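I opened my notebook to look through this structure piece by piece. These are my entries, in the order I made them.

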Amino acid sequence: MDRCVNRCVPNQSLGGAVDGHEGGECARMLSDKNISEMLSAGLGPLTYRLRTELAGEVWHWNPHGNWSDERHHCGYWTSSSSIAQPINISYGYRLPRRGNTIDQANNDGYSRISDGNETSFWKSNPYLDPFFTHENEDAHPQWIVVDLGAARPVNSIHIQWAHPYARQFRIEYWTGHDPMHLHIDQTDSWQVFPQGILTNSLGGDLTVRLSSNAIQVQFLRVLMTSSSGTALHASSDIRDKLGFAVRELSVGNIDDSGQFHDYVVHNPERQQQTIIYVSSTDPWHRAEDIDYKTEQPGIDFILRSRLTNRLPVLLPVGVLYDTPDNAVAEVRYLLERKYSLEGIEVGEEADGQWTAPEDYAALYIAIAQRLRAISPKLRIGGPSLQNFDTHLLTWPDKLGNRFWMNRFLRVLRAGECAFNFFSFEYYPFDDVCGDAAPHLLEAPHRLRTMLSSLRADGVPTDIPWLMTESGYSVFAGRPEVDIEGALFHADTIGTFLTSGGSKAYMYGYEPNYLVDEMKCSWGNLMMLQMPASGNKLNRLSMYYSARLISKEWMQPVNGVHALYPVNIEPIEDAVSVYAVRRPDKQWALLAVNKDPQRSAKLEVRFVSSDGGSTKSFVGQVYVAQFCREQYRWEDNGENGRPMLSKPAAHTQRRPSQYYELSPYSISVVRGDVSR
């Protein structure tokens, strides 16, 4: 009880996240009445999430702005930084030079490399060219990875280059199972085909015999290191000449008769084409590419709303599919409006979109340096890492370094670039169909392992660590709306804060609907449910866990709370306990029992770090408990709802030897401690 591990001010450390949604939903979700209900959960600061970045789209954060080719309403877009009418809604624009088959949002786009259309093409991001990075041309090699779906006998490749094309490139194959999802114990690598190195290429349609004998291959990579610097049409925009472009790509086998058998399925449908991954994508687009299916709440609408609680807001700028000019214009706009900013988060989930750490670092630096020039005090950070297991890995560099964050930070340090906060997301479980109970037991350990790995990678511990999103899973399912959602949320907040975290934002802050994403159970990441009929929101389990934390465990929310370590003897994975000493001098314990069947008895002792003194509660002890007596979910498909939804039960009692923790429960036990 004398070894504090962290300090926090709840109304600055416990916040909510708002995101983009399906077309037409933002206004319904964020009505004034719904905002009042959201605020009643007791959360403080706000972060704005950028769904367009996950969709592989350019964000027109202001619908007014300029095209680089204004005459044809196409090219590279810069939203206007001039103050006009408030921005209440905004949209992303699909990229007609897209390379990835898969995205992290609606996942309804497709790669132009395997779409079967020889007039379309993929092009890499011109801002990674030496013209902008001022580095050697091999500093940011660009690549295409083809997943054939299963191992096939490969001896040839056919590439239909566009402009600019690669003058030097090589063709490689992966020796193992899956190069896109790496594990620390894997020793697989990219190997060059026997005849896979090409120099002085002239572009055009090119068939390359890769080996005399076919090699069993599932994943193939085209690695490009030297650009032709040519454009398809005469252009005054240098960006048209930078990077690499491919119209169509075929991988297969040339038989003894000389016939080429193509294993790539060429189709402009995401579910029907061969899956393609690329290193980057050119943000060039057209006015007609607007995506009305996904919308972002307008930045003025959010920043003028009561959702901010008059606290600084964490805002993003687009980076992977955007331009530095658009990012700078956005920040100029925010500063001109005198909005209170927690910081600027550069992009979102670059690692989860297979971006090389050096590529992301180059784009980050290009934006951060210009932002610092217009506002030296502006806090800049990121990268809003996607969840990972044990280690965040990428393909090894020339020194054999496989650690994504370590390599990213190394580039930033070399460039003496600002990195004022670190942000990440935590969604540990992909399985929303099976039993949640075993997963809940793993959640704290997984988060601690993740944080330990990041510290080992060199993430500075003297800057704020922000958990900008968290949830049971990135996929929607029943555990998120049943009581397991509350247990996970409370356990995650307790683990994060006692591990030294600075700010945690709840994802699913807005009211939402049930969905059957994985075709096994209806649910969603949300604390408030918008019913299929009627206007009254249903309060879900995470709403009550948020209130328990902000109204019972931590009070007053504007005061400094000290967090202390808790030892559980004997060790019991089903029970987690987190301790704070509040500004009112009371001690409060947040206890989570993750056993769905058995209650647990909690004996409380406060012991000095040297073991020299032991104290206990005195006077009145206040207990608040949330369990199945307060909350039960009725699983009824799209009409599912809580059949029981009540706040935590409260009792006041004299100190006792044990405090009972009901099965599947969150409890707060607080009171004074003997001196």
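**Entry 1: Arg407**

I am working from a predicted model. I began with Arg407, which lies in helix 9, residues 404-414. Is Arg407 buried or exposed? I found a relative accessible area of 5%, so Arg407 counts as buried. Next I looked for a polar partner. The side chain of Arg407 makes a polar contact of 2.8 Å with the side chain of Glu358. I then listed what Arg407 touches, leaving aside residues up to four places away in sequence. The list runs Pro357, Glu358, Thr394, Trp395, Pro396, Asp397, Asn401 and Arg402. I noted that Glu358 is in this contact list and is also the polar partner.

I also looked up an aromatic cluster. Its members are Tyr360, Tyr364, Trp404, Phe408 and Phe419.

**Entry 2: the domains**

I stepped back to the whole chain. It is divided into domain 1 (6-94 + 287-560), domain 2 (122-282) and domain 3 (562-673). How far apart are the centres of domain 2 and domain 3? Taken over C-alpha atoms, 56 Å separate them.

I turned to an open sheet with the strand order 3-20-8-5. The pairing is antiparallel. Which strands stand at the edges? They are strand 3 (21-22) and strand 5 (58-60). Each has a single partner strand, so one side of each is left without a neighbour in the sheet. I followed strand 3 to its partner. Two bridges join strand 3 to strand 20, residues 290-297. Across this pairing, Glu22 stands opposite Thr294.

**Entry 3: a hairpin and its sheet**

Strand 6 (residues 65-69) and strand 7 (residues 74-79) run antiparallel. How many bridges join strand 6 to strand 7? I found four. Gly65 has Ser79 of strand 7 as its bridge partner. Trp67 stands opposite Trp77 in strand 7. The two strands form a hairpin with four residues between them. His73 sits in the turn and has a positive phi of about 50°.

Which residues of helix 3 (residues 32-39) are buried? I listed Asn34, Ile35, Glu37, Met38 and Leu39. These buried residues pack against helix 2 (25-29), strand 27 (528-529), strand 28 (538-539) and helix 12 (541-553).

Pro511 came next. Pro511 is in the loop between strand 26 (503-506) and strand 27. Its relative accessible area is 0%, so Pro511 is buried. What does Pro511 touch, not counting residues up to four places away in sequence? I found Met29, Asn34, Met38, Leu528, Met530 and Leu537. Two of these names, Asn34 and Met38, are also among the buried residues of helix 3. Pro511 and Arg539 are 28 residues apart along the chain, and their C-alpha atoms are separated by 9.3 Å.

**Entry 4: helix 11**

Helix 11 (residues 483-498) has 16 residues. From its first C-alpha to its last, helix 11 reaches 23 Å, close to the 22 Å expected. Helix 11 is mostly covered, with 16 of its 16 residues buried. Gly500 follows helix 11 and has a positive phi, near 100°.

**Entry 5: aromatic pairs**

How many aromatic pairs does the structure hold? My entry reads 35. I picked out Trp587 and Phe606. Their ring centres are 5.2 Å apart and their planes stand at 55°, so the pair is tilted. Trp587 lies in strand 31 (residues 587-593) and Phe606 in strand 33 (residues 606-607), so the pair ties together parts that are 19 residues apart in sequence. Both Trp587 and Phe606 are buried.

Phe626 counts as buried, at 0% relative accessibility. Tyr631 also counts as buried, at 0% relative accessibility.

Conventions:
Residues numbered from 1 in each chain as written. Predicted model: local features only at pLDDT ≥ 70, side-chain atom pairs only at ≥ 80, totals over all residues. Heavy atoms only, no water. Domains from an automatic or database assignment. Buried < 20%, exposed > 50% of the residue type's maximum accessible area, 1.4 Å probe, protein only. Polar contact = N/O pair within 3.5 Å; in protein donor to acceptor, adjacent residues only side chain to side chain. Contact = heavy atoms within 4.5 Å. Pairing = 2+ DSSP bridges. Expected span 1.5 Å × (residues − 1). Phe/Tyr/Trp six-rings, centres within 6.5 Å; stacked < 30°, edge-to-face > 60°.
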